[in-house]
Amino acid sequence: MSDVKHSIRTTDLRKEFDGTVAVQSLTLAVAEGSITALLGGNGAGKSTTMGMLLGLLQPTSGHIEMLGRNLAKDRHAIASLINFSSPYVDLPNRLTVRQNLTVYGHLYAVPKLHERIDDLAARLQIQDLLDRRHGTLSAGQRTRASLAKSLLNAPRLLLLDEPTASLDPDTADWVRELLMTYRAETGATIFMASHNMYEVERMCDDVIMMKRGAIVARGAPNDLLARFERENLEEVFIDIARDNI
Amino acid sequence: MTSPATISDRAVLTPPARRILGLILRHMYLYMESWPRLIEMMYWPMLNIAMFGFVSLAMVRHFGKVDVMTDTYLGGLLLGEAFARVQIAMLIFYMEEVWSRNLGHLFASPLRLRDYLGGLMAFSALRSLISIFPAYVVAYFLFDFNILKFGMALPFYIALLCFNGWWSGTLIVSLLLRFGLAAEWLGWMCSWLLMPFMAPYYPVEILPKPFQAISWLLPGTYVFESMKEQVATGAIRFEYLGIAFLLNIAYSIISIWIFARSFRSARKSGGLLQMGE
């Protein structure tokens with residue numbers, strides 16, 4: 001038996017919407033402290049999987065364990081230890097960045113909230129944005145504000161949906177550095193869905209590829225390249241998407 | 001960066017009151033930053049009082065019976081606003097999250113359903129108090145009608161009507177959770193649905209028989225009946241207020257059960273992730 005602890009464990013996870021199968025027989029384990037990528041084309045089941053891990057979607061069947069606890073029974077205790085960021089779930093546009101962080105700081109019961117907000121603002125270089133409305137920020141600034149929200153409670157598990165989507169290369173690189181530093185400093189686990197193969201190769205210890213709701217390949221980036229005899233993950237991704245493998 | 005905490009650390013530091021405060025702050029910030037929202041909040045109750053107050057004055061001049069008729073009408077209007085504004089505030093509280101695509105963030109946080117309902121109730125009470133106060137002032141200065149003339153019964157009337165607004169507002173939010181944005185217009189419509197059955201300005205006997213049966217099932221009807229009796233004879237119908245309270249309790253239990261089921265249904269269908277502008 002392995003000594004590795006897992007931040008996420010799913011067993012035979014399945015989700016159907018009106019008879020259409022979005023995720024099927026999903027059994028996976030994400031090692032504690034790892035950065036794991038969830039890859040797949042549109043409709044592969046990534047967002048559905050993320051939604052189930054966040055407790056926003058109820059699985060049709062199967063079991064989810066996060067941070068050693070059963071999600072179905074301890075959803076609220078788990079929710080206080082995890083956090084997420086997604087470009088598809090917004091923060092209120094009419095509130096300033098500081099107001100949004102204050103609201104979520106209370107929801108997550110963050111101790112010494114104002115100090116925490118100032119600390120994160122410095123880390124994420126958003127001090128100048130704190131009193132601006134979220135809706136007036138650029139895509140890059142919104143991503144940083146959203147990341148500040150996702151780090152407010154110093155999560156042990158961070159779920160990210162396309163963390164660098166619509167960012168310029170410089171900002172995207174900066175975000176990747178920040179996330180890797182967070183993992184290195186805190187030992188937290190990062191589980192992210194991404195379409196950016198360069199990002200995945202650079203950041204991730206483990207890659208899970210999904211297609212039609214099921215896992216079709218899994219391993220460290222270098223292992224996948226060797227197994228599929230490709231130069232980069234993008235080629236592996238395209239081959240899987242086009243059924244060339 | 002701060003080290004990740006443990007479950008036991010957080011259990012001590014996560015009182016429901018703090019989560020409810022977070023929800024209230026979210027909406028307070030919104031109103032503080034938006035003067036059109038503030039004006040809208042007070043505009044409709046004031047307009048209703050002014051317009052229907054003048055209508056009642058015109059009728060009084062035509063038919064006579066000055067005091068009883070105007071007082072019944074204005075009393076019904078002002079107390080009816082307490083009920084309607086609570087209900088509408090609950091609908092707005094929910095819709096603001098849908099419009100800003102924020103439901104996913106909220107319900108992925110440690111927020112519990114009971115916290116959410118607590119936030120809904122606290123915010124709606126606060127918002128309706130702020131929105132009806134100017135209407136009370138308008139009634140005093142334009143029509144010489146002082147709401148305080150209901151004396152010790154007034155807090156009971158307002159509390160029971162707010163209570164009625166809470167459970168009916170919870171049902172409306174449940175409807176939206178269950179059926180999504182397609183039901184939004186239904187939500188706004190339902191905000192006024194119960195009012196005619198409660199007979200705020202007229203005797204219940206005026207309603208057709210089948211409507212009267214519905215009327216006596218609603219807590220608000222008993223409050224308005226007591227109010228009308230008080231205007232006419234000075235007597236407060238405490239037994240009616242008791243019935244209103246018990247009915248409110250019963251309907252609250254049912255509406256919370258329906259709300260929890262609707263939430264489960266939204267988690268099954270993906271409604272919490274998909275709802276947005």
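**Close-up views of helix packing**

**View 1. Helix H3 (residues 97-107) of chain A packs against helix H4 (residues 113-123) of chain A at an angle of about 130°, with the two axes 10 Å apart.** That angle makes H3(A) oblique to H4(A). The structure shown here, as in the views below, is a predicted model. H3(A) passes H4(A) in a right-handed crossing. Look for A:Arg98, A:Leu101, A:Thr102, A:Gly105 and A:His106 on the H3(A) side, where they meet A:Leu113, A:Ile117 and A:Asp118 of H4(A). Sorted by class, this contact of H3(A) with H4(A) holds three nonpolar, three polar and two charged residues.

**View 2. Helix H9 (residues 233-241) of chain A has as its buried residues A:Leu233, A:Val236, A:Phe237, A:Asp239 and A:Ile240.** They lie on the same side of H9(A), because they cover an arc of only 165° around the axis. Among the elements covering these buried residues are strands S3 (35-39), S9 (206-211) and S10 (214-219) of chain A, together with helices H7 (197-203) and H8 (221-228) of chain A.

**View 3. In chain B, helix H7 (residues 153-179) and helix H10 (residues 219-233) cross at roughly 160°, and their axes come within 9 Å.** H7(B) and H10(B) are therefore roughly antiparallel to each other. H7(B) passes H10(B) in a left-handed crossing. The contact of H7(B) with H10(B) is made up of nine nonpolar and four polar residues, with no charged ones.

Notes. Residues numbered from 1 in each chain as written. Chains lettered and ligands numbered in written order. Predicted model: local features only at pLDDT ≥ 70, side-chain atom pairs only at ≥ 80, totals over all residues. Heavy atoms only, no water. Axes fitted to C-alpha atoms, helices over the stretch in contact; angles between N-to-C directions. Helix = DSSP H or I, 4+ residues; strand = E, 2+ residues; numbered from the N terminus. Parallel < 35°, antiparallel > 145°, perpendicular 65-115°, else oblique. Left-handed = near helix turned anticlockwise from the far one by under 90°. Contact = heavy atoms within 4.5 Å. Nonpolar A, V, L, I, M, F, W, Y, C, P; charged D, E, K, R; others polar. Buried < 20%, exposed > 50% of the residue type's maximum accessible area, 1.4 Å probe, protein only. Arc of directions from axis to C-beta.
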